[in-house]
Amino acid sequence: CPSSSGKPNHADILLVNLQYVSDVEIINDRTETPPPLASLNVSKLANKARTEKEEKMSQAYAISAGVSLEGQQLFQTIHKT
């Protein structure tokens, strides 16, 4: 349903537990088809997954080597610049 905040690009979602419903009446049935879903950029997603995996592995190696959290953060800050 339309947003209660009045923003045109938002919508309110109402959930109903159908276990407690004894009768359903459709007030307004939609006939138009929904807009198509946005296409996924698979290569961008793969790069993001690879980068996150590398960061996790780096963090795991640092923890196993006994590097403090502050040392890890300092390394990441230096590495990003």
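1. Accessible areas here come from the Shrake-Rupley method with a 1.4 Å probe, and for residues only the protein chains shown count as cover. On that basis the chain exposes about 8300 Å², of which 59% belongs to carbon and sulfur atoms.

2. This is a predicted model, in which local features need pLDDT of at least 70 and side-chain atom pairs count only at pLDDT 80 or more, while totals for chains, interfaces and linings use all residues. Residues are numbered from 1 along each chain as its sequence is written, and side-chain values use heavy atoms, with hydrogens and water left out.

3. The secondary structure amounts to 2 helices and 0 strands, where helices (H or I, at least four residues) and strands (E, at least two) are DSSP runs numbered from the N terminus. The radius of gyration, taken over C-alpha atoms, is 24 Å, well over the 12 Å that the globule rule gives for 81 residues, so the chain is more spread out than a compact globule; that rule is 2.2 Å times the number of residues to the power 0.38. Along the principal axes, the C-alpha atoms fill a box of roughly 65 × 30 × 25 Å.

4. Buried residues make up 4% of the 81 residues, with buried meaning under 20% relative accessible area, exposed over 50%, and partly exposed in between (1.4 Å probe, protein chains only).

5. Leucine 18 lies in the segment before helix 1 (42–64) and is exposed, at 61% relative accessible area. Valine 24 also lies in the segment before helix 1 and counts as exposed, at 61% relative accessibility. Between valine 24 and threonine 51, which are 27 residues apart in sequence, the C-alpha to C-alpha distance is 49 Å.
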